Amino acid sequence: MKQPGKVYLVGAGPGDQGLITVKALDLVSSCEVLVYDNLVNPALLEETATGCELIDVGKTPGRQTVEQDKISRMLVEIAQSGKRVVRLKEGDPFVFGRCAEEMTVLDDAGIYYEIVPGVTAALGCAAYAGIPLTHRDYGSSISFLTGHEDIEKESLRIDFGKFAATGGTLCIYMGMSKLEEIVDKLIAGGLPNSKPSAIVSNGTLPVQRKILAPLKDLVGLAKEEGLISPAIIFVGNAVGLAGSGDWFEDRPLFGRRFVVTRPVGQNSRLKKLLEQKGAEVLELPLIEILPAEERNLVAETFAGIATYGWIVFTSANGAREFFKLFFRAFGDIRSFGPMRIACVGDSTASVVRSYNLEVELIPTVSTAEDLAQALVATDSLDSANVLVITGNRNRDILVNMLETLGHAIVDTLSVYSTDFADVSEAKDLLEFRKNGADALVFNSSSAALSYIEQEEDLLLEDQARVPILCSLGDQTTSTLKENGLSVGLEAETPSLESLVDSLVTRFSGNQ
Ligand code: SAH
């Protein structure tokens, strides 16, 4: 008989992907089936293992895709088939999450389950909007209420008047469609017109919006500012202590949206750097990296690997592919030999260092010319064997300079090829076409060429923000310009950090 599976009822946190717990993330990345709601950050779905089945049971007010009973039954059936299933819910599963119903059905069916808490929206929104929920002098209780925006409930069942009397902080979920009614009831229940209140919409996300106002002005201001669901309404004296500064929205790239175009799986560092500054990031991979096909050349080069005085890595992709091939051939790092190692820049060097190999040379500026000059300056190239690890689109300039200026004997090994990725496959394409972005970032000439070839697929709708084109270095800039495109910004030096700095200088504070 098949072993029964198990269900994990898991909170994903309120939006920001970083607010999921370590335990929840572990479960997401190891489950066989993931059943998720629509407010769960889609980035978390990418954390699942290959082959994991993803089932969207998203509930949006006014649109219910899958009925609750059906979801509960689905969980039972999947577990009975022997699988580990994560039921991922926004925020915390026990806070307006209908977890109790699912738990009861699982109990009745004799299915094992575990529950993992999450940061509930009220707590996430309060922290990211700088709104205190308690204070020694101004608020000693917190209430989580529902405003019954939930389509399954027709009328307001909560006695808001009673809650008005608690003197604590009220956090009202699902209240936007009944905002006026809620405010009226709170005032009728005894709260003064001036009671500090706030609304945080899309809290903890790059599109977070918030308003702070005395209770009587809340409805008008929410309309004026166009605040929408999902949102939390906060009411209470502690809310009045909200900081005048705003750590989340004051980050320099908050409200800005950028498109990164590197191959799938390689955007994460740039994405992270931009997100840390508050930006929203879309991913449209324009190129893909494929392993090299010249097997004979690889075998030949590896046979003589001990004869090289220097090995030169010209890209992080090259370094990654090289070591994949190397370990397939040797399986032991000692076969690498005592050669000296040069890398074009820090990202490439960090790949090499991850194998505990020392990188001796990185030029101050990450270009082929600077790399060649720095190598020549070591005075160690004359008649030395040098192995340059490349891709299929690398420029010959490095090899020429090493041969003519340094008199080295250079072999090149092409370990990967760069192809254009089909942009119509990109998950963020529709969103990009609909709303555009502030800037599109090109890390390489190949990405620029791929963009040019697929420009028609990337056409923006009329109301969309038109992005400026940003380039990481002068080669990429020339490729864009040669093709008649204007480059809005080039990183001061060709590194991701410098690119982000340039974006901050360009975009911060001038919305
Ligand atoms: N279990 C969830 C709540 C689900 S009910 C939790 O613990 O947070 C859905 C409601 O949560 C929304 O209508 C809204 O009121 C609130 N909500 C969820 N995500 C939110 C967000 N990012 N910003 C503001 N409110 C949010």
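Reader: How many cavities of 30 Å³ or more does this structure have?

Author: Start with the general idea. Rolling a probe the size of a water molecule over the atoms shows where empty space is left. Now the case here. This is a predicted model. The count comes to 1 cavity of 30 Å³ or more.

Reader: What volume does the largest cavity have?

Author: About 50 Å³.

Reader: Which residues line the largest cavity?

Author: Read the lining in sequence order. Phe163, Ala164, Gly167, Gly168 and Leu170 are among the lining residues. Leu191, Lys195, Gly236 and Asn237 also belong to the lining.

Reader: How many of the lining residues are nonpolar, polar and charged?

Author: The lining has 4 nonpolar residues, 4 polar and 1 charged.

Reader: Let's turn to Gly118. Where does Gly118 lie?

Author: Gly118 sits in a loop. Strand S7 (112–116) comes on one side of that loop, and helix H4 (121–129) on the other.

Reader: Is Gly118 buried or exposed?

Author: Use the cut-off: buried means under 20% relative accessible area. Gly118 has 18% relative accessibility, so Gly118 counts as buried.

Reader: Which residues does Gly118 touch?

Author: Leave out residues up to four places away in sequence. Then Gly118 touches Gly11, Gly91, Asp92 and Pro93. For a distance along the chain, take Arg295. Arg295 is 177 residues from Gly118 in the chain, and their C-alpha atoms are separated by 49 Å.

Reader: What domains does the assignment give?

Author: Domain 1 covers 6–119 and domain 2 covers 122–241. Domain 3 has two segments, 257–286 and 426–507, and domain 4 covers 290–420.

Reader: How far apart are the C-alpha centres of domain 1 and domain 3?

Author: Those two centres lie 34 Å apart.

How values were computed. Residues are numbered from 1 along each chain as its sequence is written. This is a predicted model: local features need pLDDT of at least 70, side-chain atom pairs count only at pLDDT 80 or more; totals for chains, interfaces and linings use all residues. Side-chain values use heavy atoms; hydrogens and water are left out. Helices (H or I, at least four residues) and strands (E, at least two) are DSSP runs, numbered from the N terminus. Buried means under 20% relative accessible area, exposed over 50%, partly exposed in between (1.4 Å probe, protein chains only). Contact means heavy atoms within 4.5 Å. On a 1 Å grid over the protein atoms alone, a cavity is a set of points where a 1.4 Å probe fits but cannot get out, and a pocket is an open set with protein on both sides within 12 Å along at least five of seven lines; lining residues have an atom within 4 Å of a point. Grid points are joined across faces, edges and corners, and a volume is the space filled by probe spheres set on the points. Ala, Val, Leu, Ile, Met, Phe, Trp, Tyr, Cys and Pro count as nonpolar, Asp, Glu, Lys and Arg as charged, and the others, Gly among them, as polar. Domain bounds come from an automatic or database domain assignment.
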